[in-house]
Amino acid sequence: MSENHSIYVHIPFCKARCGYCAFCSCTDMSLVPDYFGRLSQEMAVYSDRSKPIYTLYIGGGTPSSVPVRYIDGLLRDLDKYFDLSELKETTVECNPESTTRELLDCLTAHGVNRVSFGLQSVNDATLERIGRLHNYADFLAATELARNCGMDNINADLIIGLPESRADFRRSLDRIASLPVTHVSAYALELHEHTALCDRLAGQPPFDDDSMADMYDEALATLREHGFARYEISNFARRGYECLHNLNYWQEGRYFAFGASASGFVDDVRFVNTQDIGQYMSLPIGELRTSTPVSLHEQAEEFVMLGLRLESGVNLDEFARRYGKDLYAFFPHAEKLEKRGCLCSEAGHIRVPADKFYVINSILADLLDDEAD
Ligand code: SF4
């Protein structure tokens, strides 16, 4: 079976911690030199030049928060340890306030062709409330700088359900939809225990489920009006600008992964590195990962669970080719769910109808449930 191979690298450093953050992140910049040294060692150990890399994604944390020479060194190492000659897309996550000309020049010199900004809201009071370091003007300046440096494939992250008014959210949507960005990721706010925002809100999300669904609908309609097509539940792109890296993940592709908390999937084995940055830098390289072999049966289930989150759904021929069985034979409940209008098939694909995306989790549970009637 031939799959695309991608690489994810996690850079956990951030200048400050956002109020809602539950990612593997760290504000102690004194660890930067050792962390990048460790990354280099990890990549050397798992170096594999036999598989051309399809996409590369450097995320975090905030990769733009570290001195540019470390990003430069990382990109050089990646080129040394992997075959990047066929790369289709390289993304680097940046925060607006730390995006500099020096960084962008370095990225473009290495062929990075996509930048992803954590915007979250265009409202400065909201940004301050959730502990972001940038304001909207910083974001506009960073996108303009990126475009001036020749980087025109730009994502903006938006959070639905922040502690702000519906009118504030509407303003974010209207502004973002009119900007010269090519991609918008819109995820619902998740309140994680022990985060500053969760404590401040006493664990109560600012909006109930109905309001969240309405705001999601508003996002979908506004982005569509402005030429963005939804291609995955939370991801919208102008034509031809779908994120290839994430598509590879959703299509059960393979990916190497490096850095604290990074998870990958290579040679039918899923692995995840320790989340503890101190451990990541001190354990023997061979002890950083927890690995789990994934059977072909489990891969088929994952392929469908991830693929049904895509607007295009799952390609039936591709499923049969990969897993040696017809999808309807593999999932006995698929036909019944189709009769109920929870799934539909057309043009060789099976997918969740647009008006059922809200209940996709229960549809997937029914599809996989051995007991369901
Ligand atoms: S920028 Fe992202 S990773 Fe860093 S603290 Fe904020 S939410 Fe967490």
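How many Å apart do the C-alpha centres of domain 1 and domain 2 lie? I looked this up in the model, which is predicted. The two C-alpha centres are 31 Å apart. I noted the bounds as well: domain 1 covers 5-249, and domain 2 covers 312-368.

**Entry on the cores**

I turned next to the largest nonpolar core, which has 69 residues. I asked which of its residues touch the most other members. They are I7 and V184. I then listed the contacts of I7, leaving out residues up to four places away in sequence. I7 touches I53, L56, L78, F82, Y255 and F256.

**Entry on the ligand**

I wrote down the residues around the ligand: C14, R17, C18, C21, F23, S25, G60, G61, T62, N95 and G118. I sorted this shell by residue type and got four nonpolar, six polar and one charged.

**Entry on S172**

I found S172 in helix α6, which spans residues 166-178. Is S172 buried or exposed? I counted 25 other C-beta atoms within 10 Å of S172, so S172 is buried; the cut-off for buried is 20 or more. I also checked which residues S172 is in contact with, setting aside neighbours within four places in sequence. They are S121, V122, N123 and L158. Last, I looked at S172 and T182, which are ten residues apart along the chain. Their C-alpha atoms are separated by 16 Å.

Methods
Residues numbered from 1 in each chain as written. Predicted model: local features only at pLDDT ≥ 70, side-chain atom pairs only at ≥ 80, totals over all residues. Domains from an automatic or database assignment. Core = buried A, V, L, I, M, F, W, Y, C linked by C-beta atoms within 7 Å. Buried ≥ 20, exposed ≤ 12 C-beta atoms within 10 Å, placed from the backbone. Contact = placed C-beta atoms within 7 Å. Near = placed C-beta within 6 Å. Nonpolar A, V, L, I, M, F, W, Y, C, P; charged D, E, K, R; others polar. Helix = DSSP H or I, 4+ residues; strand = E, 2+ residues; numbered from the N terminus.
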